[in-house]
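Student: Let us go through this model term by term. I will ask for the grounds of each label.

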Number of protein chains: 2
Amino acid sequence: MLENFKSYLNTQWGLPNDAIEELCNGIKTKKVVKEEFLLKSGEVCDLTIFVEKGLLRMYALNEKGKIDILQFAPENWLVSDRGSVYFNEPSNYYIDAIESTTVVLLDQNFIDRISRLGPSFRKLNDRLLHNHIRHLNKRVSLLLGASAETRYLNFIKLYPDILLRVPQWMVASYLGIAPESLSRVRRDLAKNNFRPG
Amino acid sequence: MLENFKSYLNTQWGLPNDAIEELCNGIKTKKVVKEEFLLKSGEVCDLTIFVEKGLLRMYALNEKGKIDILQFAPENWLVSDRGSVYFNEPSNYYIDAIESTTVVLLDQNFIDRISRLGPSFRKLNDRLLHNHIRHLNKRVSLLLGASAETRYLNFIKLYPDILLRVPQWMVASYLGIAPESLSRVRRDLAKNNFRPG
């Protein structure tokens, strides 16, 4: 149970095994089925979600009613609307399941408990925030100026494990390109014997 | 001297006047002329810049050698490559001056000094990080799915004071649209008697 989460606490947060066991005692987990929501636009997001097994996505509905995918969250990823959590304001985003997924729910109670274990949580959280900003700046700069091929190659590097798990239209949505452009890029790369991973 | 910065310290960080005077004693400021750089791609960014007077931009050079503007920083804005500062790694971005600009340089020395004044700095920094993430998520979702007009209207709201201070191609670069699309949007809005601000 919670193998990925425990390993994450150990490798990323540097927690020893006994602290991890104690922390995981009474932790909130949830199984969501495909297409089930963990957050809907208009709700205040009050937790951070760790993906133990499965695959989630965070998306916005644009003015044409179409889905724009901001983030995928496969195993060992965290996903949350940080702004909504912090500023206690309604979210503009949705988080739902692309596959049947087991998640660990990191709510305020969990954060209080882990904070008492020492200063490592604050340090890690700081690192996560900066990493998020670094990632989002790169995402903005790719959306502003990169070719469809460059965007796709970056996607493969960031999400090496999910290419076969999501339909092409979702990848195109994440990349901000038309599905036909994605098909063309993949065809061109295949011609040149490119193999992802 | 440093009127904007002092007022920022007072209103945003809740510092009393005597603490502000002490803090500003020996603080590093700099005057940069138009087109002068404060950061170049490949350098490690080791400070956060507060704009006292003037206008900066942060941009990336894309694979076609074109400028993609990630951020403008007029008076009272902070600008920095947070990822480069935190992870001590070379930046992919440039920061330079669109106008002659007076900046306050918030380096590690400043942060050490302000941290000693109490816990408010940590709290404010946390707030700035979350606000940055909220802003960047919105920016990604606008770039993925919003019309040129929606992007432009959001721009005016975010940067009400700089419309007349930057050439149109820079606004288009920030918005990720062609300059012709921006002209069309502005023409259409003018027809409908739209007045920014």
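Tutor: Start where one chain meets the other. In this predicted model, helix 5 of chain A lies across strand 4 (56–61) and strand 5 of chain B. The helix runs at about 130° to strand 5 of chain B.

Student: Which element gives the largest share of the side of chain A that touches chain B?

Tutor: Helix 5 of chain A, with 13 residues. Strand 5 (67–74) and helix 3 (82–87) of chain A also give two or more residues each. In total, the contact takes 26 residues from chain A and 27 residues from chain B. By class, the chain A side has ten nonpolar, ten polar and six charged residues.

Student: How do you know that the two copies are related as by a two-fold rotation axis?

Tutor: Chain A can be laid on chain B by a turn of 180° and a shift of 0.0 Å along the axis. The RMSD is 0.0 Å. The copies are therefore related as by a two-fold rotation axis. The same surface serves both: 100% of the contact residues of chain A recur in chain B.

Student: Why are helix 6 and helix 8 of chain B called roughly perpendicular?

Tutor: Their axes come within 10 Å and cross at roughly 75°. The class spans 65 to 115 degrees, so helix 6 of chain B is roughly perpendicular to helix 8 of chain B. Helix 6 of chain B brings B:Ala148, B:Glu149 and B:Tyr152 to the contact, and helix 8 of chain B brings B:Ser181, B:Leu182 and B:Val185. By class, that is four nonpolar, one polar and one charged.

Student: What makes strand 2 and strand 5 of chain B edge strands?

Tutor: The open sheet has the order 2-7-4-5, with antiparallel pairing. Strand 2 (37–39) and strand 5 (67–73) of chain B each have a single partner strand, so one side of each is left without a neighbour in the sheet. The twist averages 30° from one strand to the next.

Student: How do you know that strand 2 and strand 7 of chain B pair?

Tutor: Pairing needs at least two bridges. These strands have two, in the antiparallel sense, so they qualify. B:Leu39 has B:Ile95 of strand 7 of chain B as its bridge partner.

Methods. Residues numbered from 1 in each chain as written. Chains lettered and ligands numbered in written order. Predicted model: local features only at pLDDT ≥ 70, side-chain atom pairs only at ≥ 80, totals over all residues. Contact = placed C-beta atoms within 7 Å. Helix = DSSP H or I, 4+ residues; strand = E, 2+ residues; numbered from the N terminus. Nonpolar A, V, L, I, M, F, W, Y, C, P; charged D, E, K, R; others polar. Axes fitted to C-alpha atoms, helices over the stretch in contact; angles between N-to-C directions. Parallel < 35°, antiparallel > 145°, perpendicular 65-115°, else oblique. Least-squares fit on C-alpha atoms with pLDDT ≥ 70 in both.
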